[in-house]
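Dear colleague,

Please find below the structure that I am handing over to you. I would be grateful if you could look at it alongside the notes that come after it.

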Amino acid sequence: MSAAYGITHRLSAWGVHVFTASGAVLGLLGLLAAAAGDAKLCLAWLGVALVVDGVDGTLARRASVKQVLPGIDGSVLDLVIDYLTYVVVPAVFMHRFGLLPEGLISIALAAWVLLTSLYCFANVQMKSGDNYFVGFPAIWNVVALYLWLLGLDPWINAAVVVLLGLLTFTTAKFLHPFRVKALMALNIGVTTVWLLCCVALVILSPDRPGWLFGLWLATSAYYAGVCAWRTARGP
C-alpha cells in the first residue's frame with residue numbers, strides 16, 4: 001500500500017515515527033539524570049517526553065502514517081516508549097530521590113508501579129467511547145512530579161502510590177485533554193497553563209511563589225474536577 005504514496009508522504013510518515021521514537025532517548029536521558037542525582041534534569045527530560053507524546057498522535061494522523069506505512073504499528077511503538085517514560089523512569093525517580101519509605105518498602109512500591117501499569121497498557125478497554133481513560137492511566141511521571149514538588153512525608157506518598165495503583169483496576173475516568181472532544185479548547189488551555197506552572201516550579205524549586213503555586217493547584221483542581229464529574233456520570 002505504501003507504494004501508492006510518493007516519497008514526500010513516506011518521508012513525512014517516517015519522520016513522525018522517528019519523532020515518536022525520540023521518546024526512548026529522552027527516557028534514557030532521564031534515567032541517566034536520576035542516576036547522577038539530578039532531579040530537576042530528570043524531570044526536564046520527562047517533561048520533554050510528555051510534550052512529544054502529547055503531539056505525536058496529531059502529527060501521525062495528519063501524515064496518515066497508518067496508510068502510508070502499514071507495516072509499522074505506531075500504537076505499539078508509542079506504548080513501548082510510554083512504558084519507559086511514564087512508568088519505569090518515574091518509578092526509579094521516586095525510589096532514587098527518597099520520595100518513598102526507605103529500604104525494601106521503596107523497592108516494593110516501585111515494583112507495584114511497574115506491575116499495575118502493565119495491566120493498564122495491556123487493557124484493550126483503556127479508553128471510553130468519549131476518549132476518557134478508564135482506570136488510572138499510569139501517568140506516574142505526573143505523580144512523581146507532584147510528590148517531588150509537594151514534599152510530603154514518604155508514608156503519605158506510599159499511600160498515594162498504592163491508591164493510584166488500585167485505581168488502575170477500576171472504572172474511574174481520567175481526562176485525556178487532547179482526545180476528549182467536550183470542552184477540548186478549555187482542557188488544552190488549562191493543560192498548557194498547568195505545564196507552564198510545572199516548568200516554572202521545577203526551575204524555581206525549592207522556592208515556591210505563592211501565586212504560582214496557587215495557579216498550579218487551581219489547574220490541578222480543574223483536572224480532578226473534570227475526572228470526578230465524568231466518573232460520576234457512569235458508562
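This is a predicted model: local features need pLDDT of at least 70, side-chain atom pairs count only at pLDDT 80 or more; totals for chains, interfaces and linings use all residues.

I begin with helix α4, which covers residues 74-96 and has 23 residues. From its first C-alpha to its last, α4 reaches 32 Å, close to the 33 Å expected at 1.5 Å a residue. The helix bends by about 30° at D82. D82 is itself buried, and other buried residues of α4 include I81, Y83, P90 and F93. The buried residues of this helix pack against α1 (7-35), α2, α5 (104-122), α6 and α7 (154-167).

The second largest pocket holds about 290 Å³ of space. It is lined by 16 residues, and those closest to its centre are L43, L46, G47, L195 and V199. Two or more lining residues come from each of α2 (39-62), α6 (140-150) and α8 (184-204). Helix α2 gives the most, with seven residues.

Finally, I turn to T168, which is found in the loop between α7 and β2 (173-174). Is T168 buried or exposed? T168 counts as buried because its relative accessibility is 4%, and buried means under 20%. Leaving aside residues up to four places away in sequence, T168 touches T116, Y119, C120, G135 and F136. The C-alpha atoms of T168 and N123 are separated by 10.0 Å, and these two residues are 45 residues apart along the chain.

Yours sincerely,
A colleague

Conventions
Residues are numbered from 1 along each chain as its sequence is written. Side-chain values use heavy atoms; hydrogens and water are left out. On a 1 Å grid over the protein atoms alone, a cavity is a set of points where a 1.4 Å probe fits but cannot get out, and a pocket is an open set with protein on both sides within 12 Å along at least five of seven lines; lining residues have an atom within 4 Å of a point. Grid points are joined across faces, edges and corners, and a volume is the space filled by probe spheres set on the points. Helices (H or I, at least four residues) and strands (E, at least two) are DSSP runs, numbered from the N terminus. The expected span of a helix is 1.5 Å times one less than its number of residues. The bend at a residue is the angle between axes fitted to the seven residues ending there and the seven starting there. Buried means under 20% relative accessible area, exposed over 50%, partly exposed in between (1.4 Å probe, protein chains only). Contact means heavy atoms within 4.5 Å.
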